[in-house]
Amino acid sequence: MSVVLEAKHINKYFKKPVSFHVLKDINFQIKKGEFASIMGKSGCGKSTLLYILSTMDTDYEGQLYLNNQLITGQERTHLSYLRNKHIGFVFQFHYLLSEFSVIENVMLPAKKLGEKSYPEIEHDAIEKLKMLNIEHLSKKRASQVSGGEKQRIAIARALINNPSVIMGDEPTGNLDSYNAQNIFNIFKQLSDEKGLSLLVVTHDEDFANKTDRIIQMGDGKILV
Amino acid sequence: MTNWNVILSIAKTHLLTKIKQTSVAALGVTFGIGSYITLVCFMTGLNTMLDDLILNQTPHIHVYNEIEPSKNQPVSLYDDFNESFNVVHSIKPKLSQLKIHNALPIIDYLERNENVRGALPQVQTQIFYIAGSIEIGGNLIGINPIDEAKLFNIEDYIVKGSAEALQTTDNGILLGIGVAEKMSLKVGDRVQISPINGDIFPLKIVGFYQSGVADLDAIQSFTNIKTVQRILGEAKNYITDINVKLYDIEEAVSLAKTIEQQFKLKAVDIKTANAQFDTGTTIRNLITYAVSITLLIVAGFGIYNILNMLIYEKMNDIAILKATGFSGKDVQLIFMSQAMIIGFVGGVLGLVLGFGLTSLIGTIPFKTEALPTVETYPVNRDPLFFIIGFLFAIFSTFLAGYLPSKKAKKIDPIKIIRGQ
Ligand SMILES: Nc1ncnc2c1ncn2[C@@H]1O[C@H](COP(=O)(O)OP(=O)(O)O)[C@@H](O)[C@H]1O
Ligand SMILES: [Mg+2]
């Protein structure tokens, strides 16, 4: 099976306030269609790793491959393009543009990519919203929907460009158990039915146990 | 690979959801540009009017014969006193004619010069206006009225009658308004004038002249050159003054020098004659520009402030946009377009405001003795001012938007996402 994401000897240091070796020789792969979770104590470097994997953080040592292409050291605008096309990101907090409507939020990354016409993009966006059972919200303002709904909208946005991999940094961390369960089921369904690759940081043991693979982190290292 | 549609639609949404701040920023530009245009149009209108007051009726070069003492007294011609120290008491001016020798050929010569728009002869003389037993001293100037109107705008100062009437009326006179008032004369009346040592001539009043300078209007009148020559009993080539108008006023100084040297005449250029005048114009322009630029800078700071605030409020949006694949440049363009939209809308409204205000000023009555032909406040609505105003709006909003948008470009999304 092909490898979607590969990290080789990733090291990262924070220089301020004191020099701090936060990630220590991280090596792992995510294969196509794999649903992996990352677990570990708070402060062990999970978010830091995810920011590097998502190409937003470029200040690290080691190599990062996306679809077997080296992306370490690429130009910032190219990284933006890769992030736009190949990586969907879901945060713990519901990061939506609050002044835009739900459907506009979902369409934005596709409009930026510019590979499809606006009617096609709109059609895709409605498809994604339908799949997540929130089609009825499409015309609402993003600031006017509930937390669980916001997170589903964020997932729809992450899916809009059919990315190679979806990353989530504690995407259910801020939701009640009912909504958390719901979001997890959506991820599981995406993995099983659409063959999507997922990498999700979580504190939820039950959640993690249902994924294909658990990556245990501790003190900046991968333990298992 | 800039996707302007997306960038502009994001910019538009930002602006529309913050419509109050946006309007305040745009209005800042509007008032800046509007008052710039109003000020400049009004001030240059006034300047031009004041310039015209002096320049239009003033020849660029005035050529005449000055009565002055001989530079070389006879004693210096005598070789025997060459080495000695000569003292000559009570030097008298040389007896010379007021008449310009060979005036007509000189005029022909001047008119052939490519810098010269026209050279007009005049005959100036002192006369008395006679009303019963009273004699009022004055000047009579013989002119070619139509030419004079063409080159020196004499029509602007004719309050009754016309240059044409003077041209076509034999023994007509264009009477100074002050003289007319003193002697209670109407157009159509006859006035008797007499040269210093001559007969009395009745002349028919064809109109009144008002320069705006009361002292001048109380003594000065105009008539045809022929008429003056007849009054003085002089021939057709008796010319006392030549007034030259140039295409480019800057040539005046050098041409005046040439004329003095070539013809041994006195030639005074307008720059020398009205030196203080230029200074006034320069200072008025300086004030106008200083005030306008201050207004625009204040408007620019308004935009800078509001954009800075906007970017501060939109940190989350910036982080999301960057996380979902918008580049730093895209984000910068989003905020730059907001600045430019504010500048464009504010600028266009500023042009409208400027147009409206200048139209309004242009209708306010403005009556002054000094300017008989001016009815309303003068505004000089040069399209150039509108173009400059608009470009300045665009330029200043560009500057005001540049720094904040640069900041937005540099914002690290991770910092904001972590900070939540
Ligand atoms: N910008 C930073 N500068 C210095 N230290 C940081 C910075 N960001 C995070 N850290 C530290 O790095 C460690 C890892 O943080 P993080 O990756 O957020 O942990 P996790 O997501 O696993 O809870 C923590 O000890 C945190 O305090
Ligand atoms: Mg974390």
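A backbone N or O atom of K46(A) lies 2.8 Å from an oxygen atom of ligand 1. This is a polar contact, defined as a pair of N or O atoms within 3.5 Å; within protein, one must be able to donate a hydrogen and the other to accept it, and residues adjacent in sequence count only if both atoms are side-chain atoms. The model is predicted: local features need pLDDT of at least 70, side-chain atom pairs count only at pLDDT 80 or more, and totals for chains, interfaces and linings use all residues. Residues are numbered from 1 along each chain as its sequence is written, chains are lettered from A and ligands numbered from 1 in the order in which they are written, and side-chain values use heavy atoms, without hydrogens and water.

Two further contacts involve oxygen atoms of the ligand. A polar backbone atom of C44(A) is 3.3 Å from an oxygen atom of ligand 1. From chain B, a side-chain N or O atom of R418(B) is 2.7 Å from a ligand oxygen atom. The protein buries 68% of the 560 Å² that ligand 1 exposes when taken alone. Accessible areas come from the Shrake-Rupley method with a 1.4 Å probe; for residues, only the protein chains shown count as cover.

Ligand 1 sits between chains A and B. Around the ligand are 13 residues, of which G43(A), K46(A), S47(A), T48(A) and R418(B) come nearest. A residue is near a molecule or strand if one of its heavy atoms lies within 4 Å of it. By class, the shell holds four nonpolar, five polar and four charged residues. Nonpolar covers Ala, Val, Leu, Ile, Met, Phe, Trp, Tyr, Cys and Pro; charged covers Asp, Glu, Lys and Arg; the others, Gly among them, are polar. Helix α1(A) gives the most to this shell, with three residues. Helices (H or I, at least four residues) and strands (E, at least two) are DSSP runs, numbered from the N terminus.

The peptide bond from K16(A) to P17(A) is cis, with omega near -5 degrees. P17(A) is in the loop between β1 (3-14) and β2 of chain A. D219(A) is not a glycine, yet has a positive phi of about 50 degrees. Its loop runs between β9 (213-218) and β10 (221-222) of chain A. Most residues other than glycine have a negative phi, and most peptide bonds are trans.

Helix packing was examined next. Axes are lines fitted to C-alpha atoms, for helices over the stretch in contact, and angles run from 0 to 180 degrees between N-to-C directions. In chain B, the axes of α1 (residues 4-17) and α13 (residues 328-363) come within 9 Å and cross at roughly 55 degrees. α1(B) is thus oblique to α13(B). Angles under 35 degrees count as roughly parallel, over 145 as roughly antiparallel, 65 to 115 as roughly perpendicular and the rest as oblique. The α1(B)–α13(B) crossing is right-handed. A crossing is left-handed if the near helix is turned anticlockwise from the far one by less than a right angle, and right-handed if clockwise.
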